[in-house]
Structure formats: C-alpha cells, structure tokens
Amino acid sequence: QVLSLPIVVIVHGNQDNNAKATVLWDNAFSDIERVPFVVAERVPWEKMCDTLNLKFMAEVQTTKGLLKEHYFFLAQKIFNDHSASPEDFQNRHVSWAQFNKEILPGRGFTFWQWFDGVLDLTKRCLKSYWSDRLIMGFISKQYVCKLLSMEPEGTFLLRFSDSEIGGVTIAYVIRGKDGSSQVENIQPFSAKDLSIRSLGDRIRDLGQLRNLYPNTPKDQAFGSHYNKEQTGKD
C-alpha cells in the first residue's frame, strides 16, 4: 500500500480537461483524514477563489495573482447571477456541477473548461503582459462598455473572451461625428494567432488603438513587448 496524490486514468486526450478538474477539486477540497475518495460536493466560494488564484499563479508562473474585481466577474459567471454584489457572493457555496458539469448559459462549455483555456493561453502567450498588469482579463463585456464609454477615442483594454475558449480580445472606443461613443470588440486572438504574431505587435499594428485604459499611451505600455520588425524576404 502507498498513499498517493489523486490520479485520474484517461484513454484519450479530450478527457484531459475533465481529469485536471477532478484532480484540482480533490487536492483543494478533500479532508486530510477522509474516507477514501470522498470529497465535498459543495465548497465555499471564498475557498474556490483561493484555489483558482493559486492554480493561476502556479500554472502561469507569475507573482501577479487575481484581484477582487476578477473574483467578482468569476462569481457572476459561475453562478449566472449579474444582480448580486461582491459581498453577496462571499457566503455562497459552489458545487462540483457548477464548476465542471453544467454548461454555461448560451455557451458550449463549462466554467472550468473556459478557465482552463484562459490558463493555457496566458501561460503560452501572455505571461509577460499579465505580469506587467497590461491585461484586465477577467471582466464582462457589459462592464467594459461602462468603463470605456466616457473615455477619449482610441482608449482600449484587453479582456479574455467570453464566447471562445482560450481567446483574448481588445475592446476600444470609437466616437461618432455627433460625439456619441461606441465600444468595439476585435475578434478574439487564440494561442495559434499569437504564435504567428505577438499581442504587442498586433496592438502596434492597429492604428485605432491609442491609450491603454485609463490613460497610458500604447507605445509606453507595450513598447517593451514590441519585436524588432524583420526586413526583406523575412
């Protein structure tokens, strides 16, 4: 006999995501002296926040963790509740089903599948941007509109896509001739897109982007992430 960390045996790579969710839940929420394989069906949301933060920092290899406003967005997402305040979520419990069984409203994936996609994208392509706090990331499209609507034209921010797994999108302000503002969202970039051309270079390419929210000129914010342009046949 030997005591072991939790193991999940899978037969295909498409089960990897669910396996990781099972291991994460077991590691984070099982009691030390438990009946074998017994783990809580529901856990306090605050405990879940700590677990997601530790997982994010360890996976991405960054010292910059999740912030209170990130937890608020994640709570709205997992509980499908956009009317509650941050304090309302503090005493709630989240179930295994909400974490990795129930499909998010209007989507084709679970909360964990979406979060794991964000982890993978950030780890592979966005680590330095996240560590420099250039990505707001966990924020809803509705709240982005509220933040940007009063800002000058060309103000932009970066958020993780709601509709796609493992995508980052840029939201920016356009002002009409009558002074009215409109917030546009660029189609999300995947890890494959960012391996072809980096996020910094894409931001440099887009002339309509001027200042990173709230008011940092984009060359100042992202200049260190620009690559030197190749010339000739390269």
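A: Axes here are lines fitted to C-alpha atoms, for helices over the stretch in contact, and angles run from 0 to 180 degrees between N-to-C directions. The model is predicted: local features need pLDDT of at least 70, side-chain atom pairs count only at pLDDT 80 or more, and totals for chains, interfaces and linings use all residues. Residues are numbered from 1 along each chain as its sequence is written, and side-chain values use heavy atoms, without hydrogens or water.

Helix α1 covers residues 16-29 and helix α6 covers residues 111-131. Their axes lie 10 Å apart, at an angle of about 100 degrees. The two helices are therefore roughly perpendicular. (Under 35 degrees counts as roughly parallel, over 145 as roughly antiparallel, 65 to 115 as roughly perpendicular, the rest as oblique.)

Which residues of α1 and α6 meet? From α1 come Asn17, Lys20, Ala21 and Leu24. From α6 come Trp112, Gln113 and Asp116. Contact means heavy atoms within 4.5 Å. By class, this contact has three nonpolar, two polar and two charged residues. (Ala, Val, Leu, Ile, Met, Phe, Trp, Tyr, Cys and Pro count as nonpolar; Asp, Glu, Lys and Arg as charged; the others, Gly among them, as polar.)

Asparagine 18 also sits in helix α1. Its C-alpha is 8.0 Å from that of glutamine 113, although 95 residues separate them in sequence. At 36% relative accessibility, asparagine 18 is partly exposed. (Buried is under 20% relative accessible area, exposed over 50%, partly exposed in between, with a 1.4 Å probe and protein chains only.)

Now the charges. Aspartate 116 and lysine 20 form a salt bridge, with their closest N and O atoms 3.2 Å apart. Aspartate 116 lies in α6 and lysine 20 in α1, so this pair ties together parts 96 residues apart in sequence. (A salt bridge is a side-chain nitrogen of Lys or Arg within 4 Å of a carboxyl oxygen of Asp or Glu.) Aspartate 116 is buried, at 10% relative accessible area. Lysine 20 is partly exposed, at 29%. Asp16 joins Lys20 and Asp116 in a network of salt bridges.

The count of salt bridges comes to 10. One of them pairs lysine 77 with aspartate 162, the closest N and O atoms being 2.8 Å apart. Lysine 77 belongs to helix α3 (residues 68-79), and aspartate 162 to the loop between β3 (155-160) and β4 (168-175), so the bridge ties together parts 85 residues apart in sequence. Lysine 77 is buried, at 11% relative accessibility. Aspartate 162 is buried too, at 14%.

Another pairs arginine 204 with aspartate 201, with 3.0 Å between the closest N and O atoms. These residues are three apart in helix α9 (residues 199-205), about one helical turn. Arginine 204 is partly exposed, at 28% relative accessibility. Aspartate 201 is buried, at 4%.

Finally, helix α2. Residues 45-60 make up α2; its 16 residues should span 22 Å at 1.5 Å a residue, and its end C-alpha atoms are 22 Å apart, which agrees. (The expected span is 1.5 Å times one less than the number of residues.) Among the buried residues of α2 are Trp45, Met48, Leu52, Phe56 and Val60. Glutamine 61 follows α2, with a positive phi near 65 degrees.

Notes
Helices (H or I, at least four residues) and strands (E, at least two) are DSSP runs, numbered from the N terminus.
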